[in-house]
Structures are given as structure tokens and as C-alpha cells.
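Reader: Hi! Could you walk me through this fold? I'd like to start with the sheet and then move on to the helices.

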Amino acid sequence: MGLIKHSMKSGKTRTHKWEFSALGTNWSIETFSELPETIKEIVLARIETYDQTYSRFRTDSLVEQLRTPGTYTFPEDIVPMLALYKTLYDVTNGRMTPLIGSMMEQAGYDANYSLQPKTLTHVPPFTALGWDGKTTLKPTEPIVLDVGAAGKGYLVDIIAALLEENNITEYTIDGSGDIKQKGDHAETIGLEHPLDNTKVIGTVTLKNQSLCASAINRRVWRGLHHIFDPDAMAPTESRRATWVITDTTMLADALATALFFVPADVLQKQFTFEYVAMNMDGTIDASPSFDGELFI
């Protein structure tokens, strides 16, 4: 989320920008010609369906029902998302988990944004989902599913697919810092300094790829931040910020969080991606093939 200066471009400039709100934050879609109202309506309707399915901040969501053990059928889009989470759960030894929601609520990041921490308890294991590998969940205990580490990126990919189904083949979708670029003209994007939002630590050239970021200076309250380590029962203290470039926004979004739990070389055994990471001491790590420029 955030940490991206979406203003530096190269090549032919997209002249139309549609700005709207989704998942409680600001989004935009840039194209060479104005999007028809019918396509905008399709996009907004799909966002509403997605939010009503996966939001843990809505009392009418399907995710909310998982607090009561039973049998629940989700849309097909849950399959690739939970498959990715399961892989990352295994790779990080359970430290990256979609069941972190209960701990986040106890820490104060709840549906009411109370920001009042309470006693934390351990999160359930992945098996508590009772996932059949398809669309059925049979939770064995009350769970709070939180797909925030991959879900916004996944929604960007879903919207991109909708655009292409409607013959919009060149675009830049910016889901509040989760970016997907498609087209013949590359885009140069600044990487915001996590300690000074007036500066960038470098730039990246993006073409037909996705870029996502995560940082501990976003969603901060009472000395806490939103990237929680369920083993430590506390926010992570391994890095300040991460940026990931790869082929899908869902994967880039998820890996930007996973880099707070395990080294990049561990993840690169499973996934193909480029990254930049700022450590707590201000030093920078970057993948050897990172296609950009770093200033610090």
C-alpha cells in the first residue's frame, strides 16, 4: 500500500484519468481515451461484489459469517487467493496467514477502528479454515479471515481482466499504490521514502507488470502497525518498507508483505519477482535484475 509516487512517466501519456473510491481508499484508472460509463458501472459493481464477499469491516460480508462454524460457499475467485496464501503460509512457517484478522482486531484494528489494544491471543492454524481446495470453507472454530495482504492487489487484477474483456488493452490501474501497467509504453514510477513522503529513494520502470509496496509507517496506532507477526504476537521489526515487481498484482501485493517475514532468496525459490527493501537501519536491499535506479 502507498509508498509509490505515481507521477513520473515516459513514452506516450495517457490523457484520461478516472478517479474513484474502493475498499476505503483512493483508486484511479488511466487510459488513452475516456472509459465509457457502462464500463465504469461494470467495474464499480464488481468492486462492490468483491468487497461484500471479503471485507472483514462489513457486517454483511461473507467473511463475517465465518465467525460461526459451518459450511460456506465462496466465489471461484477465492481459489487462487487461498492457494497463494497457503503457499506463503508454508514458506513463512505460518507467519504470513489469512487468519491474522483476530489478532488485528484484538490489537485495535477492528471494524470500528477503535485502535484500542486488548489482550492478544494466538491465531488459529490454516487448517481451521476447513478449506477443500475449491470454493468451500468449513471453519472448525470461529475465524476472522483477513485477505488484506493480497486482496487489494487481486482486485486490481480482476479489474484489469474486466477492462480487457471490454477491449481496453492499454491502461494503468492504481489501487492506492497497488499498480498494474499494461501497454506498449513503459512508465517510470518513484518509490516513496518511508520516512519522508516528499522524497523518493529511487525509480522503477514498469511495463506490462505490477508494482506493490508495504511499509510499517502506514496504518500506525499506539506504537503498533498493521504488519503483525503471529509468532511474536507483535508488529514485525525486520524492515521499514518493501517494493515488489512481478507479473500479477496479487502476487506483488502478497510478496511485499512476505518479505517482512523471510529473506528474498527463500521466496525466490517459489516465485519470480524483483524487489527493493529498506531495512530498519536505512540500508537498501535490491534484486540483481531490478529494472530501476536507486538514489540511496
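Reader: Which strands make up the open sheet, and in what order?
Author: Eight strands form the open sheet, and their order is β2-β3-β6-β7-β10-β15-β16-β17, with antiparallel pairing. Strands pair here if DSSP finds at least two bridges between them. Helices (H or I, at least four residues) and strands (E, at least two) are DSSP runs, numbered from the N terminus.

Reader: And which strands stand at the edges?
Author: Those are β2 (16-22) and β17 (284-286); each has a single partner strand, so one side of each is left without a neighbour in the sheet. From one strand to the next, the twist averages 10 degrees.

Reader: Before we go on, what sort of model is this, and how are things numbered?
Author: It is a predicted model, where local features need pLDDT of at least 70 and side-chain atom pairs count only at pLDDT 80 or more, while totals for chains, interfaces and linings use all residues. Residues are numbered from 1 along each chain as its sequence is written, and side-chain values use heavy atoms, with hydrogens and water left out.

Reader: Thanks! How many bridges pair β16 with β17?
Author: Three bridges, in the antiparallel sense, with β16 covering residues 274-279. Met278 has Ile284 in β17 as its bridge partner.

Reader: Which β10 residues point which way?
Author: Ser210, Cys212 and Ser214 point one way, while Leu211, Ala213 and Ala215 point the other way; all are buried.

Reader: And how many bridges does β10 have with β7 and with β15?
Author: With β7, the antiparallel pairing runs over two bridges. Ile179 has Leu211 in β10 as its bridge partner, and Lys180 has Ser210. With β15, the antiparallel pairing runs over six bridges, and Ala213 stands opposite Trp243 in β15.

Reader: Is β7 enclosed or open, and why?
Author: Four of the five residues of β7 are buried, so this strand is largely enclosed by the rest of the structure. β7 also runs antiparallel to β6, joined by five bridges.

Reader: Which other residues have a positive phi?
Author: Leu115 is one of them, at about 55 degrees although it is not a glycine. Leu115 lies in the loop between α4 (101-106) and β5 (136-137) and is partly exposed, with a relative accessible area of 30%. Asn208, also not a glycine, has a phi near 55 degrees. Asn208 sits in the loop between β9 (196-206) and β10, and at 37% relative accessibility it counts as partly exposed.

Reader: Switching to helices: which strands does α5 lie across?
Author: Helix α5 (residues 148-165) lies across β3 (25-31), β6 (171-175), β7 (178-182) and β10 (210-215), running at about 150 degrees to β6. Helix α6 (residues 249-258) packs on the sheet too, touching β7, β10 and β15 (239-246), and its direction makes about 25 degrees with that of β10. Contact means heavy atoms within 4.5 Å. Axes are lines fitted to C-alpha atoms, for helices over the stretch in contact, and angles run from 0 to 180 degrees between N-to-C directions.

Reader: How do α3 and α6 pack?
Author: Helix α3 (residues 78-91) and α6 pack at an angle of about 25 degrees, with their axes 11 Å apart. That makes α3 roughly parallel to α6 (angles under 35 degrees count as roughly parallel, over 145 as roughly antiparallel, 65 to 115 as roughly perpendicular and the rest as oblique). The contact is made by Pro80, Met81, Leu84 and Leu88 of α3 and Met250, Leu251, Ala254, Leu255 and Ala258 of α6.

Reader: And which residues make the contact between α3 and α5?
Author: The axes of α3 and α5 come within 11 Å and cross at roughly 140 degrees. The contact is made by Pro80, Met81 and Tyr85 of α3 and Gly148, Ala149, Ala150, Gly151 and Tyr154 of α5.

How values were computed
Buried < 20%, exposed > 50% of the residue type's maximum accessible area, 1.4 Å probe, protein only.
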